[in-house]
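I opened this notebook to record what I looked up in one structure, entry by entry. The entries move from a single residue to the sheet, then to the helices on it and the pocket.

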Amino acid sequence: MSQRTLVILKPDTVRRHLIGEVVGRIERKAGWTISALELRALDRGVLEQHYAEHVGKPFYEPLVDFMDSGTSVVLVVEGERVIEGVRALAGPTDPIAAAPGSIRGDFGTIVRENLIHASDSEESAEREIKIFFPGLA
């Protein structure tokens, strides 16, 4: 069954010139297709909508500030089990816990600046794609 997921290459990925490396890893997965991709500065309103479930948590403001600190790459990836697959490719949020070979395991430095966001469920993917790519919804 084909799925769609939202992926965000966060400002640290862009600043560290890792866009090609991360997009290449996604492109090399057999059966996955990038159906939308944009380099953009994410405004605070979009970020507040995207991270609404985390309002009031101690990491919310630092996260929104970080995401507002520079340009990101936002993409939609399609394919069989792509939600689970991209999350496995990304690795756990904590780069110390992330296995070598995962994006965070190979390039991560700290938990807050963890290079990549990937939707965690079909429901989240649908909601997030509507926020960032309303024409695809």
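**Entry 1: Val82**

I looked up Val82 and found it in helix α5, where helices (H or I, at least four residues) and strands (E, at least two) are DSSP runs numbered from the N terminus. The model is predicted, so I note that local features need pLDDT of at least 70 and side-chain atom pairs count only at pLDDT 80 or more, while totals for chains, interfaces and linings use all residues. Residues are numbered from 1 along each chain as its sequence is written, and side-chain values use heavy atoms, with hydrogens and water left out.

Val82 counts as buried because its relative accessibility is 0%; buried means under 20% relative accessible area, exposed over 50%, and partly exposed in between, with a 1.4 Å probe and protein chains only. Setting aside neighbours within four places in sequence, I list Gln3, Arg4, Thr5, Trp32 and Val77 as the contacts of Val82, a contact being heavy atoms within 4.5 Å. From Val82 to Pro134 I count 52 residues in sequence and 20 Å in space, C-alpha to C-alpha.

**Entry 2: the sheet**

In what order do the four strands of the open sheet lie? I read the order as β2-β3-β1-β4, with antiparallel pairing, where two strands pair if DSSP finds at least two bridges between them. The edge strands, each pairing on one side only, are β2 (33–41) and β4. The twist averages 20 degrees from one strand to the next; axes are lines fitted to C-alpha atoms, for helices over the stretch in contact, and angles run from 0 to 180 degrees between N-to-C directions.

Strand β3 (residues 71–80) is joined to β2 by eight bridges, and eight bridges also join β1 to β3. Leu75 of β3 is the bridge partner of Leu37 and also that of Val7, whereas Ala36 has Val76 as its partner in β3. I record β3 as largely enclosed by the rest of the structure, because seven of its 10 residues are buried.

**Entry 3: helices on the sheet**

Helix α7 lies across β1, β2, β3 and β4, and runs at about 55 degrees to β1.

I also looked up Thr13, which lies in helix α1 (residues 11–15) and counts as buried at 0% relative accessibility. Beyond its neighbours within four places in sequence, Thr13 is in contact with Leu18, Ile19, Val22 and Leu115.

Asp106, in helix α6 (residues 103–107), is by contrast partly exposed, with a relative accessible area of 35%. Not counting residues up to four places away in sequence, Asp106 touches Arg25, Pro100 and Gly101.

**Entry 4: the largest pocket**

What is the volume of the largest pocket? I noted about 540 Å³, a volume being the space filled by probe spheres set on grid points that are joined across faces, edges and corners. On a 1 Å grid over the protein atoms alone, a pocket is an open set of points where a 1.4 Å probe fits, with protein on both sides within 12 Å along at least five of seven lines, and lining residues have an atom within 4 Å of a point.

The lining holds 24 residues, and Lys10, Tyr51, His54, Thr93 and His117 lie nearest the centre of the pocket. At least two lining residues each come from α5 (82–90), β4 (116–118) and α7 (122–132). By class I find eight nonpolar, eight polar and eight charged residues, with Ala, Val, Leu, Ile, Met, Phe, Trp, Tyr, Cys and Pro counted as nonpolar, Asp, Glu, Lys and Arg as charged, and the others, Gly among them, as polar.
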